[in-house]
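Here is a friendly walk through one structure, from its helix packing to its ligands and salt bridges. Keep the view open as you read.

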Amino acid sequence: MIKEGAHTYIDGQGTVVPYTGKYAVKLEDPFSVIRGRWEAAGITGAYRPLRVEFELTDRCNDTCASCGMGAKPVSEGVTLSDAQVDRLIEQFADVGLSSVAITGGEPFVSSRALYRFIGQARGTVEIGKLTTNGIWGTEKGTRTVFERLVAAGFLDTRIFVPLLMVSIGEQTTPLDRIARIIHHVATEFTDRDLNIAVSSLADPADRKHRIYELLAVYEEMYGEFPHDRVHSTMRVYLENERLENQAPINRPGNTTVSRWMDSCYDCFAPTVGTYVLPCALMKVSGDLYSCAAFNVPEKLGFGNLFRESFRDILERVNSSAYVRTVRAGGGLKGVRQVVPQSVTDQMTCGSFCGSCKLLIDKFEAATGQQEPGGRLATFIPLQGLAVRGGKTA
Ligand code: SF4
Ligand code: SF4
């Protein structure tokens with residue numbers, strides 16, 4: 001399988017090879033097209049997302065104990081209304097957004113809304129990624145679903161090769177359905193039309209990935225696995241402060257925040273290939289976070305797309321001293337200007353974004369802006385910022 005990480009293209013740093021990477025692009029210079037869209041929309045600032053990952057619904061047929069999205073049972077969850085979908089597309093167009101990623105819940109549980117979004121977005125914002133647990137991969141259902149996706153316009157992209165991301169962590173979808181979906185993609189589409197990835201999240205205690213089970217099931221059904229067509233993401237579950245009832249995560253071996261900072265990639269630099277960055281996250285409530293990380297800190301929630309314009313929210317993100325410091329410093333290491341290493345050497349946690357959460361608190365304390373936790377708490381005006389040895393914007 002194609003492992004994550006081999007093809008990372010950052011704007012201004014070397015050439016882009018089209019049709020490579022999990023988030024492959026179709027163009028040699030995607031950034032000029034992406035930039036052109038922002039410029040035509042008059043969007044400026046250090047933080048400009050290439051993508052918004054949004055929850056179409058929080059309804060799900062499954063009940064994974066470590067669900068990162070806080071999904072609800074089908075009878076209890078909500079799906080974006082037609083009016084909300086229309087507003088989103090209008091707001092995405094207004095800021096020249098290049099692409100979206102659709103997630104849930106399980107998007108196919110709300111298939112009417114899913115196909116409607118794809119159809120309405122056609123020609124305005126492209127769908128770069130669609131995440132699913134693959135519940136629809138039955139003998140009868142698979143071909144029909146692909147036909148409906150194609151008819152709605154899922155493959156009609158200009159910048160990104162659309163990616164179908166299938167999750168097989170704690171999900172209970174029988175693996176023959178996942179194998180059937182993979183087989184359909186590998187035999188009916190080329191890597192210029194559609195990519196497929198399998199995300200296999202493991203319990204951090206034993207790190208057992210179901211991907212190996214999937215390989216065996218596939219080989220039993222179809223013979224050789226199409227390793228050159230399937231992208232693989234193998235991670236472990238992280239704790240997530242948005243989830244009150246998340247099952248405890250026992251991640252062995254904590255790492256110092258200093259080490260996370262040293263190896264952090266540049267979260268806000270325009271990037272395609274291995275990731276799409278910057279990528280914002282919108283919850284089904286309309287709350288928008290600057291990062292589509294599994295455990296993005298609550299303090300990186302900057303507004304609500306159903307109550308405010310995307311333009312205003314972007315301005316707010318760009319007025320955050322913390323975001324500007326991370327951007328100017330090429331990632332979390334930039335925060336060292338404000339939070340010294342002697343402090344971060346003493347702090348430990350289990351992930352990049354977990355260290356970000358700790359850093360925001362220290363950042364606010366160091367700048368004298370100790371606001372209570374919660375949304376919009378990081379809007380610190382830059383002029384009030386005491387900066388040690390470096391630029392902030
Ligand atoms: S299938 Fe995905 S959205 Fe549904 S409960 Fe599991 S992790 Fe959550
Ligand atoms: S480390 Fe912080 S800034 Fe970077 S992606 Fe995670 S939450 Fe966002």
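In this predicted model, α5 and α6 are roughly perpendicular to each other, a label for angles of 65 to 115 degrees, whereas angles under 35 count as roughly parallel, over 145 as roughly antiparallel and the rest as oblique. Helices here are DSSP runs of H or I with at least four residues, strands are E runs of at least two, and both are numbered from the N terminus.

The contact, meaning heavy atoms within 4.5 Å, brings Leu-175, Asp-176, Ile-178, Ala-179, Arg-180, Ile-182 and His-183 of α5 to Glu-213, Leu-214, Val-217, Tyr-218, Met-221 and Tyr-222 of α6. By class, these residues are nine nonpolar, one polar and three charged. Ala, Val, Leu, Ile, Met, Phe, Trp, Tyr, Cys and Pro count as nonpolar, Asp, Glu, Lys and Arg as charged, and the others, Gly among them, as polar.

Thr-142, Arg-143 and Phe-146 of α4 touch Arg-180, Ile-181, His-184, Val-185 and Glu-188 of α5. That contact divides into three nonpolar, two polar and three charged residues.

| Helices | Angle | Axis distance |
|---|---|---|
| α4 (residues 141-152) and α5 (residues 175-188) | about 50 degrees | 10 Å apart |
| α5 and α6 (residues 211-222) | roughly 65 degrees | within 9 Å |

Now to the ligands, where a residue counts as near if one of its heavy atoms lies within 4 Å. Which residues surround ligand 1? They are Cys-60, Asp-62, Cys-64, Cys-67, Ala-71, Gly-105, Asn-133 and Gln-171, a shell of four nonpolar, three polar and one charged residues. Around ligand 2 lie Cys-267, Phe-268, Cys-291, Pro-297, Leu-300, Leu-332, Phe-352, Cys-353 and Cys-356; this shell has nine nonpolar, no polar and no charged residues.

The whole structure holds 17 salt bridges, each a side-chain nitrogen of Lys or Arg within 4 Å of a carboxyl oxygen of Asp or Glu. In one of them, Lys-283 meets Glu-55 at 2.4 Å, N to O. This pair joins distant parts of the chain, 228 residues apart: Lys-283 sits in the loop between β13 (279-282) and β14 (287-289), and Glu-55 in strand β3 (residues 51-55).

Residues are numbered from 1 along each chain as its sequence is written, while chains are lettered from A and ligands numbered from 1 in the order written. Local features need pLDDT of at least 70, side-chain atom pairs count only at pLDDT 80 or more, and totals for chains, interfaces and linings use all residues, with side-chain values taken from heavy atoms, leaving out hydrogens and water.

Methods: Axes fitted to C-alpha atoms, helices over the stretch in contact; angles between N-to-C directions.
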